[in-house]
Amino acid sequence: MSQARRERWIAFLLILPSIILIAIFVYGFIGWTATVSLSQWDGVEPNYAWAGLKNFRQLFTQEGGVSATRFRIDLWNTLFFTLLFLLVCVVIGLLLAILLDQKIKGEGIFRTIYLFPMALSFVVTGVVWQWIFAPGTETRLRGVNALLHNLGLDALRWKWYTDTRSVGPFHLALIPVIIAAAWQMIGYCMAMYLAGLRGIPEELREAARVDGATEIGIYRHIILPMLQPITLSALIVLGHISLKIFDLVYTMTGKGPGFVTDVPGIFMFETTFQGNHYAQGAAISIIMLLMVALVIIPYLVFSLRREVEL
Amino acid sequence: MSAHRTPRRTVRLNPTRIGIYTLLILFALLFLIPVYVLVVSSLKTFAEVQDLSRLWSPPTGLHLESFRAAWWGIPEKGLRGLSQNLLNSVYLTVPATILSSMLGSLNGYILSKWRFRGANVLFPLMLFGMFIPYQSILIPLTQTLAAIHLGGTIWGLILVHVVYGIPITTLIFRNYYAEVPTDLVEAARIDGANILGVYWRVLFPLSVPGFVVVIIWQFTNIWNEFLFAVSILQKPDVQPITVALRNLAGSQIQEWNMIMAGTLIAAVPTLLIYIIMGRYFIRGLLAGSVKG
């Protein structure tokens, strides 16, 4: 064997342990979960007897009773949570990045403040915002409600994440959770946009100014279009986090009264590890995986192909 | 950044700039509300947090009893302290971070300097592993850990973090080593170095910034992680601090000063790293969006 071929083999052998681990722990386990989702495993002891699509039917049709009701609410919650969370993060993240790009004194301090929540655990975020939006009771008001009462703004009090009102399928109780999640992730958007803004050569802006463009015009016609790839990356990364969110909601509110703040991640966890309905938990997680894959796979293919071209 | 701006456009204070600063300060204050809540509540006595009319007011003094309670617990009320859980987090995070960084460094080296056939397919397949919802591997994972007698142990959780850390650590190191000129590698090979020799003599000595980014990233993520920990570790005395904290806050107790003190204790390690090494933290953050 030639020297080059031998070394290529050694290179492959060095990376082989990682390949095997990923093959087993990612792909093998996904296959295993898919098998469980098609089984009758409903108890502590494994039971791989074939059930066909029964577990999925129970999530999507009347046959499932409460499970189907809960899962329908979960999917609506995920949809609204994702849309609003992405909107808030991108808009405020972009705004903060543009503001910080104006030769700001103390830029470092502002940046540190906007970004520090990223260093925290979702559990920490959940505990603090649970306190802030805890409604309390009529006689013992807590959190923001107590503050509103002290300010004489009782008309603005509501039951926050325990409120059962909804507009169509949109549960108002999701709003406090979206605020908490956005608080944690806005800084990420800001950091990405700021990196993008810093990558735009000053000559471009200068040339536009010479041509008589206004500062706002420069942003609208030159800078914002150049930031589009960053928006795409931010949407994908935040979007897939939002589709699989668990710890923040689980800590802050749990499933809530009438599942107002429930998400598939919580349903999966509770039905699997507290209810021992393993097959149902597996079915939910397979649906979560499909939702995430729908977003991530095109993105991976796209960004790696672009990398190869470069 | 201001270095390459033209000096002609010096900045004066005008209404627009006052508006910009006002907005920035307003957002900064909004972002700091949870910090205010955390600090203020944790410095109150139990009697003070019970007084709901003064919920948002500063404490009457610097009361540290909440930190004592969060650390050692309140045995007469059946509340566990978090000291053991903090240690568990250290026992979990330090080995898992070191092992996964080393693995990532080796993988990144191979993938950036020894492109073998199939690497273009393998790499995206590996990357996909960092985006999956971990719920979709959780049932087989708990079954497997139990079967190899690592269920319910910190070692089992370390293994989990090392394995699922492979994609992100490999990605960061691959992008990092891609910047190292191939000439250096070629020169070392002409001098007779083999694969591992090139790594030890050329890449590894240049790796410090790469390791700093990856170590900070992994440390923060593993310290903050919840889903794996709560699914794998049932016994309170082996749980890391995130799980113990959520159990404390979810238990309907009234001791909010103790909970907030515990939350601060859980947050301090990663916050300190962020404040001291923010630059490297952001680099890890941006690397997570695939195109580093």
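Q: Is Gln218(B) buried or exposed?
A: In this predicted model, Gln218(B) is buried, because 25 other C-beta atoms lie within 10 Å.

Q: Which helix is Gln218(B) in?
A: Gln218(B) is in helix 10 of chain B, residues 208–224.

Q: Leaving aside neighbours within four places in sequence, what is Gln218(B) in contact with?
A: The contacts of Gln218(B) are Thr97(B), Ser100(B), Ser101(B), Gly165(B) and Thr169(B), once neighbours within four places in sequence are left aside.

Q: Now Ala147(B): buried or exposed, and why?
A: Ala147(B) counts as exposed because it has 9 C-beta neighbours inside 10 Å; a residue is called exposed at 12 or fewer. Ala147(B) belongs to helix 6 of chain B, residues 135–147.

Q: What separates the C-alpha atoms of Ala147(B) and Glu48(B)?
A: A distance of 50 Å, for two residues 99 apart along the chain.

Q: Zooming out, how many helices and strands does chain B have?
A: Chain B has 14 helices and two strands. The radius of gyration of chain B is 24 Å, well over the 19 Å from the globule rule for 292 residues, so chain B is more spread out than a compact globule.

Q: What box do the C-alpha atoms of chain B fill?
A: Roughly 75 × 70 × 30 Å, taken along the principal axes. Buried residues are 48% of the 292 in chain B.

Q: What about contacts in chain B between residues at least 24 apart?
A: Of the contacts in chain B between residues at least 6 apart in sequence, 74% join residues at least 24 apart.

Q: Which domains is chain B divided into?
A: Domain 1 covers 13–80 and domain 2 covers 83–287. The C-alpha centres of domain 1 and domain 2 of chain B lie 31 Å apart.

Q: How many residues of each are in contact?
A: 16 residues of domain 1 of chain B are in contact with 14 residues of domain 2 of chain B. On the domain 1 side, helix 3 of chain B gives the largest share, six residues. By class, that side has nine nonpolar, five polar and two charged residues.

Q: Where does helix 1 of chain B bend?
A: Helix 1 of chain B bends by about 40° at Leu32(B), and Pro34(B) follows within four residues. Helix 1 of chain B has 28 residues and reaches 40 Å between its end C-alpha atoms, close to the 40 Å expected at 1.5 Å a residue.

Q: Which residues of helix 1 of chain B are buried, and what do they pack against?
A: The buried residues are Leu24(B), Pro34(B), Val37(B), Leu38(B), Ser41(B) and Ser42(B). They pack against helix 3, helix 4 and helix 5 of chain A, together with helix 2, helix 3 and helix 13 of chain B.

Q: Okay, the two chains. How many residues are in contact?
A: 78 residues of chain A are in contact with 71 residues of chain B. On the chain A side, helix 1 of chain A, residues 3–37, supplies the largest share, 18 residues. The residues of that side divide into 53 nonpolar, 14 polar and 11 charged.

Q: Last one: what span should helix 10 of chain A have?
A: For its 16 residues, 228–243, helix 10 of chain A should span 22 Å at 1.5 Å a residue, and its end C-alpha atoms are 22 Å apart, which agrees. Its buried residues include Ile230(A), Val237(A) and Leu243(A).

How values were computed: Residues are numbered from 1 along each chain as its sequence is written. Chains are lettered from A and ligands numbered from 1 in the order in which they are written. This is a predicted model: local features need pLDDT of at least 70, side-chain atom pairs count only at pLDDT 80 or more; totals for chains, interfaces and linings use all residues. Two residues are in contact if their C-beta atoms, placed from the backbone, lie within 7 Å. Ala, Val, Leu, Ile, Met, Phe, Trp, Tyr, Cys and Pro count as nonpolar, Asp, Glu, Lys and Arg as charged, and the others, Gly among them, as polar. The radius of gyration is taken over C-alpha atoms; the globule rule is 2.2 Å times the number of residues to the power 0.38. A residue is buried if 20 or more other C-beta atoms lie within 10 Å of its own, exposed if 12 or fewer, and partly exposed in between; C-beta atoms are placed from the backbone. Domain bounds come from an automatic or database domain assignment. The expected span of a helix is 1.5 Å times one less than its number of residues. The bend at a residue is the angle between axes fitted to the seven residues ending there and the seven starting there.
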